[in-house]
Amino acid sequence: TSSGATANLVEPESTIPSQYAADIGHPTFVSPHTNPIAVHNGQVFVVNTPSATLDVIDANNRTITARVPVGIDPVSVAVRPDGQEIWVSNHISDSVSIVDNDPKSPTYLHVIATIQAFDQQSKATLFDEPMGIAFANNQKAYVALSSDNQIAVVDVAERKVIKRLTITAQDPRAIAVHNYDRWAQNPGHTLSEHSLPWTTKGRPPNAAAPSVVCFVRMFILALL
């Protein structure tokens, strides 16, 4: 400013409990973020990438209330539609950490499952560099696998990949669900769409078929 004063653009150090402020993360791998913040019931869930944690912030008093260790380089977070779980994509660990979000549970705000996939012979990952996460419902989720140019379809209860949707472009990242559509984004910012079959119970009357839409370098429509 003209008076020489500087604006305070960060929260005061006193809002960060000492046990969290002292934590030291690993060297940065410069993983790109995709939806790094989610809000649910007065709590803000933020991926703390260099510390490999999911930080939980009280939205009212703006203090960190918990710091949950997840995988290396968490880049994206999503809340399951019923609010009972928080899913975190770990870009370097090639995994998704599932955090219990039921306050009545003894494992509340702890990782209760990890989604990964490996080739049984080579032991190489088949879940390479996960990014955006989107839920179709409480039973099915979608994860963008940026290095594989795929969208992994995940059975929520079984914690397993049950199908893969190939994206004919590079580096799919963000996914969003809106009006029964699944949207995915990559750095090209153009459009690709994958229509998905409805289950008998899932389709609303007179609703159009749901789809996964990816922003890629060319427009592709594939009925699956």
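Author: Arg62 is exposed, at 55% relative accessible area. This is a predicted model: local features need pLDDT of at least 70, side-chain atom pairs count only at pLDDT 80 or more, and totals for chains, interfaces and linings use all residues. Residues are numbered from 1 along each chain as its sequence is written, and side-chain values use heavy atoms, with hydrogens and water left out.

Reader: Why is Arg62 called exposed?

Author: Exposed means over 50% relative accessible area, buried under 20%, partly exposed in between (1.4 Å probe, protein chains only). Arg62 has 55%, so it is exposed.

Reader: Why does Asp94 count as buried?

Author: Its relative accessibility is 14%. The limit for buried is under 20%, so the term applies.

Reader: What makes the phi of Asp94 worth a remark?

Author: Phi is about 55°, positive, although Asp94 is not a glycine. Most residues other than glycine have a negative phi.

Reader: What does the side chain of Asp94 reach?

Author: The backbone nitrogen of Glu129, at 2.9 Å. A polar contact is a pair of N or O atoms within 3.5 Å; within protein, one must be able to donate a hydrogen and the other to accept it, and residues adjacent in sequence count only if both atoms are side-chain atoms.
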